[in-house]
Amino acid sequence: MGVSQWWLYDLVVIAIAVLCIWSGLSGGVLKSCGSLVVGIVSCIVAGWFSGSISESIYDSFLKQSVQSTISQKLSEVDITDNIRSELENNGIYLSLDNEQIADIIDGVRSQDSAMQQAAAMFGINTDEIDKELGEAVNYAIETHGDIIPDWAEKAVSNGNGKIKIDSAADVAVAILRDDYTRAASEIENSYLRPAVIGLLRTIVFICLAALLSSILRTMLLVLPNKRNSIMGTAVGAAFGAAKAALYLYLLVLLVRCISSMQSGEYPFYSNKTINQTYLFRIFYDMWK
C-alpha cells in the first residue's frame, strides 16, 4: 500500500463520522447517549487493566527471548573498545584493564573511599563518571545498531535519535567484565522493556476497549425505539458525533502504534503519508 493512497485515511474519518452521526439521528437520545457511555466506560476500564495485562504478556512471553537476543549480539561484537574510545573522547584516559575499570566504577558508585582515591589517581572525575559512562554506553550501542531492534530504538528515542539508558554504569560494568547476560538484563530492563510495554499497552487498550464495547453494546438492544422530536434527534446526532470522536481517538492510537513499530517498511503508516491527509491529520496532530 503506497504513499499515493493517503486518501484512505480521510475516507475512514468520513465513514466513522457519517455512521456514528447517522446512528445518533436514527437511535435518538436514549440509545445514542447509552452508546456513548458504553464507549467511555469501555475506554476507562481498558485503561485501568491495559498496563498490568501488558506487563504480564511481556514478562511471560517476550522478556527471556529479548534478553537472550541482546546477550548473543553483545557476545558477537567488541563493544568494550567503543566504550573506552568514547571515554577518551570525553577526557577520561585509562591505562587500566577492563576488570580494573569495572572495579573502579563499582567502587565510585557505591561511595567506596578507596576506589574514590584510586579513581582520582588515574584522573577519573568521579562527579562526571555516570554522565560520561552514559554517553559511552549510548555511543557503543548506537554504533552496533543490530544489538537493539530499530523499531524499539525508535519507540524509546521518540525520533530524537538518542538512546537513553538509566543504568548505563551498570551496563558498562557488565560489558567490561564480559558478563553479557547481566548487560543484556540491564539493557532489556531499562531500555527495551519500557518501549515494548508501551507499545503493548496501546494494542491491549484498543483491543480491550473494542471487546468491552461490543459486549456492553448488546445491552442497548433492549432499549426501546421511540419516535423522537426534532430536539431529540439533534441531541442524538450530537451524541453520535461525540462517539465518532472517541472512535477516531482509538484509530489515531492504533496508527501511532503501528508507525512506531515499523522503520520505513510500510510507507502507508509513515509521517509523510499522514501529512498528505486533510481530515485525519487534524485528529492525528490534535492527540499527540
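User: Hi! Quick one to start: where is the place of Asp 178 in the chain?

Analyst: Hello! Asp 178 sits in the loop between H7 and H8. Keep in mind that this is a predicted model. As for the residue ranges, H7 covers 168-176 and H8 covers 180-217.

User: Thanks. Is Asp 178 buried, exposed or partly exposed?

Analyst: Partly exposed, because its relative accessibility is 48%, and that class lies between the 20% and 50% cut-offs.

User: And what about its backbone, what phi does Asp 178 take?

Analyst: Just after H7, Asp 178 has a positive phi of about 60 degrees. The residue adopts that value although it is not a glycine.

User: Let's step back to H7 then. How many of its residues are buried?

Analyst: Nine of the nine, so H7 is largely enclosed by the rest of the structure. Going through the helix, the buried residues are Ala 168, Ala 169, Asp 170, Val 171, Ala 172, Val 173, Ala 174, Ile 175 and Leu 176.

User: Changing topic: which residues make the nonpolar surface patch?

Analyst: Ile 14, Val 18, Tyr 278, Leu 279, Ile 282 and Met 286 make a nonpolar patch of about 580 Å². Helix H1 (7-76) and helix H11 (280-286) each supply at least two of its residues.

User: Now the whole chain, please. How many helices and strands are there?

Analyst: Eleven helices and zero strands. Read from the N terminus, the order is α-α-α-α-α-α-α-α-α-α-α.

User: What share of the residues is buried?

Analyst: Buried residues account for 41% of the 288 in the chain.

User: Last one: what share of the contacts joins residues at least 24 apart?

Analyst: It comes to 82%, counted among contacts between residues at least 6 apart in sequence.

Definitions and conventions. Residues are numbered from 1 along each chain as its sequence is written. This is a predicted model: local features need pLDDT of at least 70, side-chain atom pairs count only at pLDDT 80 or more; totals for chains, interfaces and linings use all residues. Side-chain values use heavy atoms; hydrogens and water are left out. Helices (H or I, at least four residues) and strands (E, at least two) are DSSP runs, numbered from the N terminus. Buried means under 20% relative accessible area, exposed over 50%, partly exposed in between (1.4 Å probe, protein chains only). Contact means heavy atoms within 4.5 Å. Patches are made of residues with over 30% relative accessible area and no salt bridge: like charges are joined within 9 Å, nonpolar side chains (Val, Leu, Ile, Met, Phe, Trp, Tyr) within 5 Å. Accessible areas come from the Shrake-Rupley method with a 1.4 Å probe; for residues, only the protein chains shown count as cover. A salt bridge is a side-chain nitrogen of Lys or Arg within 4 Å of a carboxyl oxygen of Asp or Glu.
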